[in-house]
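Hello,

Here is the structure we talked about passing on.

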Amino acid sequence: MKTKLLFTLILAVGLLSACSEMNPHPMDMSQAVQNATSRADHEALAQHYEEAAKEMQLKVDEHNKLLSQYRSIGYRYGRPPDDFVEYFIDHCQRLIDVYEKAVEENLSMANLHRQK
């Protein structure tokens with residue numbers, strides 16, 4: 001029983017630390033937006049937001065794969081997933097929702113800068 005608990009704890013910590021990895025913006029975005037005056041400045045900002053959207057989409061794809069794996073775990077043995085697996089299913093779904101929202105917002109910002 002202790003081994004199972006230890007394995008569960010290690011898995012949970014590993015998964016949560018992997019999920020929390022996010023790169024900060026390499027530049028001061030508020031300053032970059034304020035200083036954007038030319039078409040080239042706005043294009044550079046649009047490219048930056050599109051790149052951020054691509055990174056977030058990769059996270060969405062990664063968590064969708066994890067989600068399908070977690071959903072299949074319990075059913076392999078002919079029973080529904082237990083609470084531990086349900087926790088990770090919920091966790092992945094919440095992260096997918098957050099990352100999808102980030103993709104939408106970054107693409108929206110890119111479109112706004114392309115219009116200027």
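Tyr70, Tyr87 and Phe88 make up one aromatic cluster. Please keep in mind that this is a predicted model.

Searching the whole structure gives 2 aromatic pairs. Tyr70 and Phe88 are stacked, at 5.3 Å centre to centre with 20° between the planes. Tyr70 belongs to helix H3 (residues 39–75) and Phe88 to helix H4 (residues 83–115), so this pair ties together parts 18 residues apart in sequence. Tyr87 and Phe88 form an edge-to-face pair, with 5.2 Å centre to centre and 75° between the planes.

Phe88 has a relative accessible area of 0% and is buried. Tyr70 counts as buried because its relative accessibility is 10%, and the cut-off for buried is under 20%. Tyr87, at 38%, is partly exposed.

Salt bridges

There are 3 salt bridges in the structure. In one of them, the side chains of Arg114 and Glu43 meet at 2.7 Å, N to O. Arg114 is in helix H4 and Glu43 in helix H3, so the pair ties together parts that are 71 residues apart in sequence. Arg114 is partly exposed at 27% relative accessibility, and Glu43 is partly exposed at 23%.

Arg114 also forms a salt bridge with Glu50, where the closest N and O atoms are 2.4 Å apart. This pair again links distant parts of the chain, Arg114 in helix H4 and Glu50 in helix H3, 64 residues apart. Glu50 has a relative accessible area of 27% and is partly exposed.

Glu105 and Lys101 meet in a salt bridge at 3.6 Å, N to O. Both residues lie in helix H4, 4 residues apart, which is about one turn of the helix. Glu105 is partly exposed at 44%, as is Lys101 at 46%. Through shared partners, salt bridges join Glu43, Glu50 and Arg114 into one network.

Surface charge

Which residues gather in a patch of negative charge on the surface? They are Asp82, Asp83, Glu86 and Asp90. Asp82 sits in the loop between H3 and H4 and counts as partly exposed, at 33% relative accessibility.

Regards

Key. Residues numbered from 1 in each chain as written. Predicted model: local features only at pLDDT ≥ 70, side-chain atom pairs only at ≥ 80, totals over all residues. Heavy atoms only, no water. Phe/Tyr/Trp six-rings, centres within 6.5 Å; stacked < 30°, edge-to-face > 60°. Helix = DSSP H or I, 4+ residues; strand = E, 2+ residues; numbered from the N terminus. Buried < 20%, exposed > 50% of the residue type's maximum accessible area, 1.4 Å probe, protein only. Patch = residues over 30% accessible without salt bridge, like charges linked within 9 Å, V, L, I, M, F, W, Y side chains within 5 Å. Areas by Shrake-Rupley, 256 points an atom, 1.4 Å probe, with all protein chains shown as cover. Salt bridge = Lys/Arg side-chain N within 4 Å of Asp/Glu carboxyl O. Lys, Arg positive; Asp, Glu negative; His and termini not counted. Charge placed at Lys NZ, Arg CZ, Asp CG, Glu CD.
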